[in-house]
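Subject: Handing over the structure, with notes

Dear colleague,

My notes come after it, and I would be glad if you read them with the coordinates open beside you.

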Amino acid sequence: MEIPAPVLKNMDRTIQSYEDSAREYNAIVAGHRPPEIVDALRRMMQLVPAGGTVLEIGSGSGQDADFIESLGGVVRRTDAAQAFLDLQAERGKKGELLNVVTDALGGPYGAILAMAVLIHVDREQVAPVLSKVFDALEPGGVFLAGMRIGEGETNGDYQTVYWAKDRFAEALEAAGLRLQWDTEWIGRKDVRWAGFLACRPPE
């Protein structure tokens, strides 16, 4: 499916904004993972078979990947911004460029993780992305996503799309992913977040 030019333009602007601010962003979030995210990552890893690989979409500075590895997981770290991969490389962590909208995801994986990533994906592109996630998971594999909860979107330096919690749950189900668990928390600047843990049904 061809991606409309305005969608690509917004996406490129968002990626460039992260390229320009990766170190500043890292300084803000380093060492400050909300307990709700830590709990969600633990829940995800409880469903990943030993030796299963986790694809992390949008690794950023790599904190979640570090935590997953501390639990014994194997992570394929990816990000659409080279600046984040460079930050991780400085401490010996290897990552790859990957744009969840335009690139193939590979696989199959035991789990796919996308925390605060699909908030930057155009609303009309989320269904195709979730379809790719489904296809990239092993049967019984799990998907963990963190989304901003609300209405509308912003289109400044960072395109940010807000979702009603039930609407995103419906999008997961429409892609064939069965919602297993969800949670909510309040992040920085009083932003409402929700975590969704879903699975590809076993065959």
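Please keep in mind throughout that this is a predicted model. I start with Leu55, which lies in strand β1, a strand that spans residues 53-56. Is L55 buried or exposed? With a relative accessible area of 0%, L55 is buried, because anything under 20% is counted that way. Leaving out residues up to four places away in sequence, L55 touches R76, T78, L105, Y109, A111, I112 and L113. For a sense of distance, L55 and E36 are 19 residues apart in sequence, while their C-alpha atoms are 20 Å apart in space.

The sheet

Strand β1 belongs to an open sheet of 7 strands, whose order is β3-β2-β1-β4-β5-β9-β8 and whose pairing is mixed. Strands β3 (95-97) and β8 (178-186) stand at the edges with a single partner strand each, so that one side of each is left without a neighbour in the sheet. From one strand to the next, the twist averages 20°.

Within this sheet, β1 and β4 (residues 109-115) run parallel and are joined by 3 bridges, and E56 stands opposite L113 in β4.

In strand β2 you will find T78, which is buried, with a relative accessible area of 0%. Apart from its neighbours within four places in sequence, T78 is in contact with L55, E56, I57, G58, S59, L85, E96 and L98. One of these contacts, E96, is 18 residues away from T78 along the chain, and yet the two C-alpha atoms are separated by 4.7 Å.

Helices against the sheet

Helix α3 (residues 63-70) lies across β1, β2 (74-79) and β4, and runs at about 175° to β2. Which residues of α3 are buried? They are Q63, D64, A65, F67 and I68, and the buried residues of this helix pack against α1, α2 (35-46), β1, β2 and β4. After α3 comes G72, whose phi is positive, near 100°.

Helix α5 (residues 123-136), in turn, lies across β4 and β5 (137-148), and its direction makes an angle of about 145° with β5.

The pair α1 and α4

Two packed helices are described by the angle between their axes and the distance between the axes. For helix α1 (residues 5-29) and helix α4 (residues 82-89), the axes come within 7 Å and cross at roughly 40°; the two helices are therefore oblique to each other. On the side of α1 the contact is made by Y18, E19, A22, R23, Y25 and N26, which meet Q82, A83, F84 and L87 in α4. The residues of this contact divide into 6 nonpolar, 2 polar and 2 charged.

Also in helix α1 is S17, which is buried at a relative accessible area of 12%. Not counting residues up to four places away in sequence, S17 touches D157 and Y158.

Backbone points to check

Where is the cis peptide bond? The bond joins G107 and P108, with omega at about 5°, and P108 has its place in the loop between β3 and β4.

A116 is found in the loop between β4 and α5, and at 26% relative accessibility A116 counts as partly exposed. K189 sits in the loop between β8 and β9 (192-199) and is exposed, with a relative accessible area of 75%.

The record

From UniProt, in an unreviewed entry, comes the feature "domain: Methyltransferase type", which is placed at residues 55-144. Over residues 55-144 the chain is 33% helix and 29% strand, and the end C-alpha atoms of this stretch are 10 Å apart.

If you wish to begin where I did, L55 in strand β1 and T78 in strand β2 are in contact with each other, and both can be displayed together with the sheet.

Key:
Residues are numbered from 1 along each chain as its sequence is written. This is a predicted model: local features need pLDDT of at least 70, side-chain atom pairs count only at pLDDT 80 or more; totals for chains, interfaces and linings use all residues. Side-chain values use heavy atoms; hydrogens and water are left out. Helices (H or I, at least four residues) and strands (E, at least two) are DSSP runs, numbered from the N terminus. Buried means under 20% relative accessible area, exposed over 50%, partly exposed in between (1.4 Å probe, protein chains only). Contact means heavy atoms within 4.5 Å. Two strands pair if DSSP finds at least two bridges between them. Axes are lines fitted to C-alpha atoms, for helices over the stretch in contact, and angles run from 0 to 180 degrees between N-to-C directions. Angles under 35 degrees count as roughly parallel, over 145 as roughly antiparallel, 65 to 115 as roughly perpendicular and the rest as oblique. Ala, Val, Leu, Ile, Met, Phe, Trp, Tyr, Cys and Pro count as nonpolar, Asp, Glu, Lys and Arg as charged, and the others, Gly among them, as polar. UniProt positions are given in the numbering used here, feature names are shortened, and annotations may be inferred rather than shown by experiment.
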